[in-house]
Amino acid sequence: MPERFEVAMPDGVRLNVEVTGPTDAQVTAVLLHGWTLDGRAWHRQVDALSASVDGAVRVVTYDARGHGRSSCMALPTATLAQLGDDLAALIDRVAPSGPVLLVGHSMGGMTIMEYAHRHPAHFAARTAGLVFVSTTAEGHTHTVYGLSPRIARLIRLAETTGAGVLARCGSWRAPRALLNALRPSIRWMLFGDRCESSDLRLVTSAVARASLRSIGGFRASIGAQHRLDTLAALAHLPAAALVGDRDRLTPPPCAESIAAALPATELTVCPGAGHMLMMERPDEVNTALTGVLRRVLAETSSRGLGVAPARSGA
């Protein structure tokens, strides 16, 4: 069973954290979820990592501020910049030493990029590998929702306006009855050709847990972020990028530009898959993840790096 606890951020926000694996593992893998989701999105990857390397990895998932079981935050801190700061603080608390493998889906991948941009020395000292799943380094540059550019512009205008309203709703959450009615839209936006009913239920449940402030507040910085230059400085790290060719939010050009910035990155395009690759194509995601992990473990062993016991709690 995973260990669950809270970690307090400097501004008082408390992040819900779950940890699986031994405290003296060679590598800590930190898995970051996407916008409006929570750490449960990674359950198949947590299981796969725990089974694949027999105690060599400690797996950390957490709910970003305003998401899941984590507390809500002041509106000015609903930004990717703050999420990057949160990640640096979280690593110091739950993995104070030893190499870290960072795995990010959608907003989680953008959080990793922001961490690298805002805390370059800290990032360089701790990060040993990267996995980007259905994410982008170019904001909404390539996002057209699978529609014509003109219709996409209208949707983005409506989305931006709605986000501003939601951001002012504080810690309120969307009514479950409304989200259940919107399930067909959620399924169309987030999934590709196939969708398990249990995965759709989990995603709907996660959206129901996200505060309206987080649903609306993060929209602006997500759309505006551009971090290809930051990525280009990380080309020495073992890395992988995955995307579905039916992804309506971060389509293949997003992953292709990440791979171009990181030339050694293994790029995987999953036919028929949408935005929720860790659920739709767990085998492909797990293979890429364990592949990068094994490279990190090999490099760690060759350099003789040790790991100090990690700390739990606030």
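Me: Which residue of β4 is the bridge partner of T28?
Reply: The model is predicted, with local features requiring pLDDT of at least 70, side-chain atom pairs pLDDT 80 or more, and totals for chains, interfaces and linings using all residues. Numbering starts from 1 along each chain as its sequence is written, and side-chain values use heavy atoms, without hydrogens or water. Strand β3 (residues 27-32) pairs with β4 in the parallel sense over six bridges, pairing requiring at least two DSSP bridges. Within β4, T28 has as its bridge partner R58.

Me: In which sense do β2 and β4 pair?
Reply: Strand β2 covers residues 14-20, strands being DSSP E runs of at least two residues and helices H or I runs of at least four, numbered from the N terminus. V19 has V60 of β4 as its bridge partner. Over four bridges, the sense of the β2 and β4 pairing is antiparallel.

Me: How many of the six residues of strand β4 are buried?
Reply: V57, V59 and T61 point one way from β4, while R58, V60 and Y62 point the other way. Both groups are buried, that is, under 20% relative accessible area with a 1.4 Å probe, protein chains only. Strand β4 (residues 57-62) is therefore largely enclosed by the rest of the structure, its buried residues numbering six of the six.

Me: How are α2 and α3 oriented to each other?
Reply: The axes of helix α2 (residues 80-94) and helix α3 (residues 107-118) come within 8 Å, each axis being a line fitted to C-alpha atoms over the stretch in contact. These axes cross at roughly 75°, on a scale from 0 to 180 degrees between N-to-C directions. With 65 to 115 degrees as the range for this class, α2 and α3 are therefore roughly perpendicular.

Conventions. Parallel < 35°, antiparallel > 145°, perpendicular 65-115°, else oblique. Buried < 20%, exposed > 50% of the residue type's maximum accessible area, 1.4 Å probe, protein only.
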